[in-house]
Amino acid sequence: MLPSPPDVAGSRRRRRGRAGRGDWRVTGAGEQGGGQAPAQVRPAEHGTAQQDGDEGGEPTLRRRLLAKTKAGRLAAFGRDHPMASTNDDVRKPPDGDNHPGEYLRMDLDHDACSRAIELHDARFDGRFFTAVKTTGTYCRPACPARTPRSENVTFYPTAAAAQEAGFRPCLRCRPETAPDTGAWRGTSSTVSRALALIELGALDEGSVDALAGRLGLGERQLRRLCRQHLGASPVAVAQTRRVLLAKQLIHETFLPMTEIAFAAGFGSIRRFNETFLALFGRAPCALRRGSGPEISANPGGDISLLLRYQPPYDWPGMLAFLRLRAIPGIERVVESCYSRTIQLEGLQGIVSIRPAEDNALRARIRFPKLSALPVIIARLRRVFDLAADPLPISAHLAKDPALAPLVATRPGLRVPGAWDGFELAIRAVLGQQITVPAAVRLAGRLVARHGEPLAEPDRDLTHVFLRPEALALADLTTLGMPRSRAATLSAVAAAIVADPDLFSVSRGLDEAIQQLQSIRGVGEWTAHYIALRQLREPDAFPAADVGLMRALADLEGRRRSSRELVGRADQWRPWRAYAAQHLWASL
Ligand SMILES: [Zn+2]
């Protein structure tokens with residue numbers, strides 16, 4: 001089930017206070033030496049939005065921080081590493097940021113991780129990174145290079161943590177190709193939201209302070225949380241993303257370096273070159289293997305690249321979900337490929353996704369502005385739920401006898417996300433009290449009458465979804481739906497025009513639900529459905545959904561009310577969204 005390198009002797013599971021609630025850790029066999037309990041990567045008690053434990057852990061956290069000494073850093077980094085020489089007299093144990101000793105709090109059991117890299121165990125891919133002091137690089141667990149000696153390595157929970165500690169990505173195992181489950185660790189939901197916003201570009205132009213503000217935190221609090229859960233600062237997370245995307249584009253495309261610089265989100269060629277020189281000691285182009293002519297993405301902006309995920313992945317399930325809901329003119333599913341039109345910053349494009357080898361999806365992105373690539377990738381990762389780690393979800397949900405067979409049938413099931421919050425909200429409203437095919441037909445009519453035509457249509461992809469401004473002004477009375485439904489559509493459009501952040505991931509589940517329900521005509525079901533697919537809240541659960549009630553009645557032979565369903569679903573927390581998806585898929 002969960003990855004478990006065999007024969008991990010002597011590794012210990014640390015006792016933790018509330019500070020560690022929701023941390024990921026690589027744990028070993030029990031202290032009593034029973035020897036049978038395998039090491040496993042597992043989430044600790046999963047905090048929900050209400051019980052992050054972010055604040056409650058402060059006293060314990062501080063004690064632990066203060067306990068970190070120069071000796072501790074020596075143990076973590078070795079005598080030769082620059083981090084080890086940090087003088088305690090100069091760098092006081094902090095209450096905030098940038099303290100190297102804080103890395104010690106990463107709950108990565110050294111012995112268990114050592115064992116995993118000795119076995120080149122690919123199942124740990126993306127779950128931790130190995131920094132090698134002798135080479136200055138950081139690696140994936142299955143790096144083909146000779147396994148470094150245990151005393152020469154430090155394990156980090158994220159690539160950003162390793163990179164911030166001064167290590168560079170290995171050129172052999174290419175850490176940029178590890179599945180990126182950073183935004184989804186079942187850790188702090190606040191950190192997950194911060195990561196989602198960073199992925200969507202929050203730090204490209206905005207400051208850490210502004211990001212913290214959007215999350216309702218102070219800047220120091222955000223830094224502390226990121227340090228605690230990711231081992232890195234928010235800025236390091238953003239920078240590492242850029243470097244790894246650039247590296248991926250160098251290896252996987254023939255784009256000229258100037259285009260890669262912009263496509264990866266570097267503000268200038270100079271910054272791009274400097275960053276790579278500092279990290280690798282050579283120019284970016286020197287990292288490209290093999291020779292071939294450079295192929296510019298212009299003018300169409302055509303880029304093809306791989307999006308990795310943590311296996312397993314239920315692609316047929318994802319495709320079936322999208323096929324059933326594909327809006328004519330906007331989306332298309334042909335054989336194993338999903339395509340859709342997109343609109344960003346007033347520009348139009350098309351993305352196509354199909355399964356590829358080695359736990360990846362192949363994305364073909366046609367968009368005229370290269371610098372939008374990171375945002376397009378981030379949105380695709382949300383649509384296809386690529387940050388999810390299915391193993392712990394399955395393990396948790398399978399504890400329920402009703403869900404166990406569903407989980408066994410679809411162990412890689414994902415919750416399909418939304419490309420755009422407004423579009424999803426409109427879909428949700430259109431779907432109120434009618435069947436999915438009927439809602440799709442209405443959406444198709446809406447797009448055909450009020451959507452923007454695609455400047456260069458691609459066969460049956462003819463439009464982009466309409467903007468809120470257009471919908472707010474549109475006459476919806478002729479579409480063939482109840483007057484109240486049309487009024488709700490207009491109200492949703494007006495609400496997002498008034499608050500463009502309405503569907504942003506910055507809000508917690510409860511706040512988001514409350515905010516959405518304040519729109520006229522948006523009830524609890526619609527709000528939860530939006531939270532589930534657009535806000536990607538793993539614990540969202542539209543309990544009033546008739547499909548859910550029917551699916552559970554089929555499984556248990558007893559129909560429940562919506563209120564009873566909420567009680568029944570309690571044991572599925574914090575992954576009720578996945579439980580819901582399993583139930584829908586079973587119908
Ligand atoms: Zn490596």
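1. I'd start with helix 14, where Pro390, Leu391, Pro392, Ile393, Ser394, His396 and Leu397 are buried. That makes 7 of its 8 residues, so helix 14 (residues 390–397) is mostly covered. Keep in mind throughout that this is a predicted model.

2. Now the overall picture. The chain has 24 helices and 13 strands, and 48% of its 587 residues count as buried. Take the contacts between residues at least 6 apart in sequence: 66% of them join residues at least 24 apart.

3. Zooming in on one pair: strand 9 and strand 10 are antiparallel partners over 7 bridges. One detail you can check by eye is Thr341, whose bridge partner in strand 10 is Ile350. The loop between strand 9 (337–344) and strand 10 (347–356) holds Glu345, a non-glycine residue with a positive phi, near 50 degrees. Is Glu345 buried or exposed? It has 9 C-beta neighbours inside 10 Å, so Glu345 counts as exposed.

4. There is another case of positive phi at Arg459, also a residue other than glycine, with phi near 45 degrees. Arg459 lies in the loop between strand 12 (452–458) and strand 13 (461–464). Its count of C-beta neighbours inside 10 Å is 8, and with a cut-off of 12 or fewer Arg459 is therefore exposed.

5. Back to the sheet for its helical cover.

6. Two cis peptide bonds deserve a careful look. One runs from Pro311 to Pro312, with omega near 0 degrees; Pro312 is in the loop between strand 7 (302–308) and helix 12 (315–325). Another joins Arg573 and Pro574, with omega about 0 degrees. Pro574 belongs to the loop between helix 23 (562–568) and helix 24 (576–586).

7. Helix 24 brings me to helix packing. Two packed helices are described by the angle between their axes and the distance between the axes. For helix 22 (residues 546–556) against helix 24, the angle is about 75 degrees and the axes are 8 Å apart. The two helices are therefore roughly perpendicular to each other. Helix 22 contributes Gly547, Leu548, Ala551 and Leu552 to the contact, and helix 24 contributes Ala580, Leu583, Trp584 and Ser586. By class that gives 6 nonpolar, 2 polar and no charged residues.

8. How do helix 5 and helix 8 pack, and at what angle? Helix 5 (residues 189–199) meets helix 8 (residues 219–230) at about 100 degrees, with axes 10 Å apart. Since angles of 65 to 115 degrees fall in that class, helix 5 and helix 8 are roughly perpendicular. Thr190, Val191 and Ala194 of helix 5 make the contact with Leu222, Leu225, Cys226, His229 and Leu230 of helix 8. The class count for this contact is 6 nonpolar, 2 polar and no charged residues.

9. Helix 9 (residues 234–252) has 19 residues and spans 27 Å from its first C-alpha to its last, close to the 27 Å expected at 1.5 Å a residue. Of its 19 residues, 15 are buried, so helix 9 is largely enclosed by the rest of the structure.

10. Last, a residue I'd click on: Glu164, in helix 4 (residues 159–164). Why does Glu164 count as buried? There are 23 C-beta neighbours inside 10 Å, and 20 or more is the requirement, so Glu164 counts as buried. Leaving aside residues up to four places away in sequence, Glu164 touches Ala232, Ser233 and Ala236. Glu164 and Gln239 are 75 residues apart along the chain, yet their C-alpha atoms are separated by 9.2 Å.

Methods:
Residues are numbered from 1 along each chain as its sequence is written. This is a predicted model: local features need pLDDT of at least 70, side-chain atom pairs count only at pLDDT 80 or more; totals for chains, interfaces and linings use all residues. Helices (H or I, at least four residues) and strands (E, at least two) are DSSP runs, numbered from the N terminus. Axes are lines fitted to C-alpha atoms, for helices over the stretch in contact, and angles run from 0 to 180 degrees between N-to-C directions. Angles under 35 degrees count as roughly parallel, over 145 as roughly antiparallel, 65 to 115 as roughly perpendicular and the rest as oblique. Two residues are in contact if their C-beta atoms, placed from the backbone, lie within 7 Å. Ala, Val, Leu, Ile, Met, Phe, Trp, Tyr, Cys and Pro count as nonpolar, Asp, Glu, Lys and Arg as charged, and the others, Gly among them, as polar. The expected span of a helix is 1.5 Å times one less than its number of residues. Two strands pair if DSSP finds at least two bridges between them.
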